Amino acid sequence: MQDKPDMADLMQAVQDFVGEEIAPQLTGHVAFSARVAGNVLALMQRELDLGSRFRAAQQARLEALLNQTGTLEVLNRILCEKIAKGALGPNDEALMDHLKRATMGKLAIDQPTYAGYQIAQTNGWPEEG
């Protein structure tokens, strides 16, 4: 029996190929497009590595914060409604912790080199997961 290649390994191989072999030979808009493709592959890899764990942590925090169960999407909608109605606000420590952790998780996947994310890490903002 032959096992399928690991998705992470395949994505890394394509990312390395684009970044190390293709992109250096290109110029102009095509070189830019190759860098974009490499960045997309890296983002997809971070999503595979971190996404499910981060979503599970967010859901658990929201269930505790809202004292309700549901999907992450439903819980986020309820959270937004409570914030809009003033039932939860910036003085709620659990809310602020959740928002910081959720933001840090999103940045860890989407923009880990973003200066604001790195400053937040330096300032001790809690990490997701």
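Visitor: Which residues does Gln 45 touch, not counting residues up to four places away in sequence?
Guide: Gln 45 touches Ala 8 and Met 11. Keep in mind that this is a predicted model.

Visitor: Where is the place of Gln 45?
Guide: Gln 45 sits in helix α2, which covers residues 28-66.

Visitor: Is Gln 45 buried or exposed?
Guide: Buried. The relative accessible area of Gln 45 is 11%, and the cut-off for buried is under 20%.

Visitor: Switching topic. Which residues make up the largest nonpolar core?
Guide: That core has nine residues. They are Leu 62, Leu 65, Leu 66, Leu 72, Leu 75, Ile 78, Leu 79, Leu 88 and Leu 95.

Visitor: Which helices each supply at least two residues of this core?
Guide: α2 and α3 do, with α3 spanning 72-84. α3 gives the most, four residues.

Visitor: And Leu 65, what is it in contact with, leaving aside neighbours within four places in sequence?
Guide: Leu 65 contacts Leu 79, Leu 88, Asp 92, Ala 94 and Leu 95.

Visitor: Which residues does the second, separate core include?
Guide: The second core has eight residues, among them Leu 50, Phe 54, Tyr 117 and Ala 120.

Visitor: Back to α2 and α3. At what angle do they pack?
Guide: About 45°, with the axes 10 Å apart. That angle makes α2 oblique to α3. The crossing of the pair is left-handed.

Visitor: Which residues make the contact?
Guide: From α2, Arg 55, Gln 58, Gln 59, Leu 62, Glu 63, Leu 65 and Leu 66. From α3, Leu 72, Leu 75, Asn 76, Ile 78, Leu 79 and Lys 82.

Visitor: How do the residues of that contact divide into nonpolar, polar and charged?
Guide: Seven are nonpolar, three polar and three charged in the contact of α2 with α3.

Visitor: One more pair. At what angle do the axes of α4 and α5 cross?
Guide: Roughly 130°, and the axes come within 10 Å. Helix α4 is residues 93-110 and helix α5 is residues 115-122. α4 and α5 are therefore oblique to each other. α4 passes α5 in a left-handed crossing.

Visitor: Which residues meet there, in α4 and α5?
Guide: Met 104, Leu 107 and Ala 108 of α4 meet Tyr 117, Ala 120 and Gln 121 of α5. By class, the contact of α4 with α5 has five nonpolar residues, one polar and no charged. Tyr 117 and Ala 120 also belong to the second core.

Key. Residues numbered from 1 in each chain as written. Predicted model: local features only at pLDDT ≥ 70, side-chain atom pairs only at ≥ 80, totals over all residues. Heavy atoms only, no water. Buried < 20%, exposed > 50% of the residue type's maximum accessible area, 1.4 Å probe, protein only. Contact = heavy atoms within 4.5 Å. Axes fitted to C-alpha atoms, helices over the stretch in contact; angles between N-to-C directions. Parallel < 35°, antiparallel > 145°, perpendicular 65-115°, else oblique. Left-handed = near helix turned anticlockwise from the far one by under 90°. Nonpolar A, V, L, I, M, F, W, Y, C, P; charged D, E, K, R; others polar. Core = buried A, V, L, I, M, F, W, Y, C linked by side-chain atoms within 4.5 Å.
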